[in-house]
Amino acid sequence: HLHHPNLLLLLLVCLSGNLEQVRLVYERVGVGSLYTVLHKRSSEFPGLLSDQIVRILFQVCEALLFLHSRGYVHRSLSSHAVHLVTTDLAKLCNLEYMEE
C-alpha cells in the first residue's frame with residue numbers, strides 16, 4: 001500500500017464489464033491541478049507567492065522520495081500530475097504511470 005500525505009488518495013474503484021468504463025474515485029481536490037491553476041484559472045490565482053511555490057515543490061519532492069524509497073519511479077511528473085487539495089497542500093497523482 002502506498003499511503004503518504006502528499007499522494008492523492010484513491011478511495012474507490014468502480015468495476016465494469018467494459019474496461020473503458022472503470023471509474024476511479026479519489027479524495028476531493030479543492031483547487032485543481034497545478035496546470036489548471038497556472039494556465040486556466042490564472043485570474044483567480046494571479047501569482048503564487050514564493051513561499052507557496054517552495055511549499056508545493058517540497059511536498060512533491062517528499063512524495064517522490066517516498067515512492068523512490070519503495071522502488072517506484074513516477075514517469076509522468078508534470079503540472080497535470082500535481083493537484084492542489086488546498087492552496088497549501090499539494091498531492092501527486094497519475095500513479096498509473098509508475099514503474100517498479
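From the N terminus on, the elements of this protein run β-β-β-α-α-β-β. That order holds 2 helices and 5 strands. The model is a predicted one. Its C-alpha trace spans about 45 × 30 × 20 Å along the principal axes. The protein has 100 residues, and buried residues make up 30% of them.

**Salt bridges**

- The structure holds 4 salt bridges.
- Lysine 91 and glutamate 27 meet through their side chains in a salt bridge, at 3.0 Å from N to O. This pair links distant parts of the chain, 64 residues apart. Lysine 91 sits in strand 5, which covers residues 89-92. Glutamate 27 sits in the loop between strand 2 and strand 3, the latter at 32-33.
- Are lysine 91 and glutamate 27 buried or exposed? Lysine 91 is buried, and glutamate 27 is buried too.
- Arginine 75 forms a salt bridge with glutamate 99, and the closest N and O atoms are 2.9 Å apart. Arginine 75 lies in the loop between helix 2 and strand 4 (82-86), while glutamate 99 lies in the segment after strand 5, so the pair ties together parts that are 24 residues apart in sequence.
- Glutamate 99 is partly exposed, with a relative accessible area of 43%.
- Arginine 55 forms a salt bridge with aspartate 51, with 3.4 Å between the closest N and O atoms. Both residues lie in helix 2, which covers residues 50-69. Arginine 55 and aspartate 51 are 4 residues apart, about one turn of the helix.
- Arginine 55 counts as partly exposed because its relative accessibility is 28%, which falls between the 20% limit for buried and the 50% limit for exposed. Aspartate 51 also counts as partly exposed, at 42% relative accessibility.
- Which residues are linked in a network of salt bridges? They are Asp51, Arg55 and Asp88.

**Nonpolar surface patch**

- Leu10, Val13, Leu15, Leu24 and Tyr26 make a nonpolar surface patch of about 480 Å².
- Which strands each supply at least two residues of the patch? They are strand 1 (10-14) and strand 2 (23-26).
- Tyrosine 26 belongs to strand 2. Tyrosine 26 counts as partly exposed because its relative accessibility is 33%.

**Largest pocket**

- What is the volume of the largest pocket? The value is about 350 Å³.
- The largest pocket is lined by 18 residues. Leu2, Leu8, Leu10, Tyr26 and Leu95 are the closest to its centre.
- The lining of the largest pocket divides into 11 nonpolar, 4 polar and 3 charged residues.
- Two residues link this topic to the previous one. Leu10 and Tyr26 belong to the nonpolar patch, and both are also listed among the lining residues closest to the centre of the largest pocket.

**Backbone angles**

- Most residues other than glycine have a negative phi.
- Arginine 75 has a positive phi, near 75 degrees, and is not a glycine. The loop between helix 2 and strand 4 holds arginine 75. At 57% relative accessibility, arginine 75 counts as exposed. Arginine 75 is also the salt-bridge partner of glutamate 99.
- Asparagine 94 is not a glycine either, and its phi is positive, about 60 degrees. Asparagine 94 is in the segment after strand 5.

**Leucine 67**

- Leucine 67 is part of helix 2. Arginine 55 and aspartate 51 lie in helix 2 too.
- Why does leucine 67 count as buried? Its relative accessibility is 0%, and buried means under 20%.
- How far apart are the C-alpha atoms of leucine 67 and serine 43? They are separated by 34 Å. Along the chain, leucine 67 and serine 43 are 24 residues apart.

Terms used. Residues are numbered from 1 along each chain as its sequence is written. This is a predicted model: local features need pLDDT of at least 70, side-chain atom pairs count only at pLDDT 80 or more; totals for chains, interfaces and linings use all residues. Side-chain values use heavy atoms; hydrogens and water are left out. Patches are made of residues with over 30% relative accessible area and no salt bridge: like charges are joined within 9 Å, nonpolar side chains (Val, Leu, Ile, Met, Phe, Trp, Tyr) within 5 Å. Accessible areas come from the Shrake-Rupley method with a 1.4 Å probe; for residues, only the protein chains shown count as cover. Buried means under 20% relative accessible area, exposed over 50%, partly exposed in between (1.4 Å probe, protein chains only). On a 1 Å grid over the protein atoms alone, a cavity is a set of points where a 1.4 Å probe fits but cannot get out, and a pocket is an open set with protein on both sides within 12 Å along at least five of seven lines; lining residues have an atom within 4 Å of a point. Grid points are joined across faces, edges and corners, and a volume is the space filled by probe spheres set on the points. Ala, Val, Leu, Ile, Met, Phe, Trp, Tyr, Cys and Pro count as nonpolar, Asp, Glu, Lys and Arg as charged, and the others, Gly among them, as polar.
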